[in-house]
Amino acid sequence: MNGLVDSSRDINHKKMKNPRYAFRTRSDADILDDGYRWRKYGQKSVKNSLYPRCYYRCTQHMCNVKKQVQRLSKEANMVETTYEGIHNHPCEELMQTLTPLLHQMQFLSKFT
């Protein structure tokens, strides 16, 4: 080997990027409740914007989903939320709502 790296192999094995989804919501609140728990890990000023961009990570163990939240300068009543990745666990708020219903269904299934 002469120490050279085969660059054609590197191109084929690029890291897959997580899918990104962006939503704009009309809201006076900066933090919108989407049913998941988030930990803020950063904030930075954005060029040509009056409002900072905030960075969050999902608090669920082994879930790598991140989100960015920023209020729009041109429309101050709009909040843009960008999600990166897909949760690998159910929504906690949804599970809290569904758990009593599931227990009731299990109870009723004993009588059929």
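Q: In which loop is Asn48 found?
A: The model is a predicted one, in which local features need pLDDT of at least 70 and side-chain atom pairs count only at pLDDT 80 or more, while totals for chains, interfaces and linings use all residues. Residues are numbered from 1 along each chain as its sequence is written, and side-chain values rest on heavy atoms, with hydrogens and water left out. Strands (E, at least two residues) and helices (H or I, at least four) are DSSP runs numbered from the N terminus, and on that numbering Asn48 falls in the loop between strand S2 (38-44) and S3.

Q: Is Asn48 buried or exposed?
A: Asn48 has a phi near 60°, a positive value in a residue other than glycine. The classes are set by relative accessible area, with buried under 20%, exposed over 50% and partly exposed in between (1.4 Å probe, protein chains only). Because its relative accessibility is 74%, Asn48 counts as exposed.

Q: What is the relative accessibility of Met62?
A: Met62 lies in the loop between S3 and strand S4 (66-71), and it has a positive phi of about 70° although it is not a glycine. Met62 counts as exposed, its relative accessibility being 59%.

Q: What pattern does the protein chain follow along the sequence?
A: The secondary structure of the chain comes to two helices and five strands. Read along the sequence, these elements follow the pattern α-β-β-β-β-β-α.

Q: To which backbone oxygens does the side chain of Arg71 reach?
A: Arg71 is found in strand S4 and is buried, with a relative accessible area of 10%. Its contacts (heavy atoms within 4.5 Å), not counting residues up to four places away in sequence, include Asp28, Asp30, Tyr51 and Val79. The side chain of Arg71 reaches two backbone oxygens, at 3.0 Å that of Ser27 and at 3.3 Å that of Ala29.

Q: How many salt bridges does a search of the whole structure find?
A: Side chains of opposite charge can pair when their charged atoms come close. A salt bridge is taken as a side-chain nitrogen of Lys or Arg within 4 Å of a carboxyl oxygen of Asp or Glu. On that criterion, the number of salt bridges found in the whole structure is three.

Q: How many residues apart in sequence are the parts tied together by Lys67 and Asp34?
A: The side chains of Lys67 and Asp34 meet in a salt bridge of 3.7 Å, N to O. Lys67 lies in strand S4 and Asp34 in the loop between S1 and S2, so the pair ties together parts whose separation in sequence is 33 residues.

Q: What is the relative accessible area of Lys67?
A: Asp34 counts as partly exposed, at 23% relative accessibility. Lys67, by contrast, is buried, and its relative accessible area is 4%.

Q: Which residue forms a salt bridge with Glu84?
A: Glu84 counts as partly exposed, at 25% relative accessibility. In its salt bridge the closest N and O atoms are 3.4 Å apart, and the partner of Glu84 is Arg20.

Q: With which residues is Lys40 in contact, leaving aside its neighbours within four places in sequence?
A: Lys40 lies in strand S2 and counts as partly exposed, at 42% relative accessibility. Beyond its neighbours within four places in sequence, Lys40 is in contact with Cys54, Tyr55 and Tyr56.

Methods:
A polar contact is a pair of N or O atoms within 3.5 Å; within protein, one must be able to donate a hydrogen and the other to accept it, and residues adjacent in sequence count only if both atoms are side-chain atoms.
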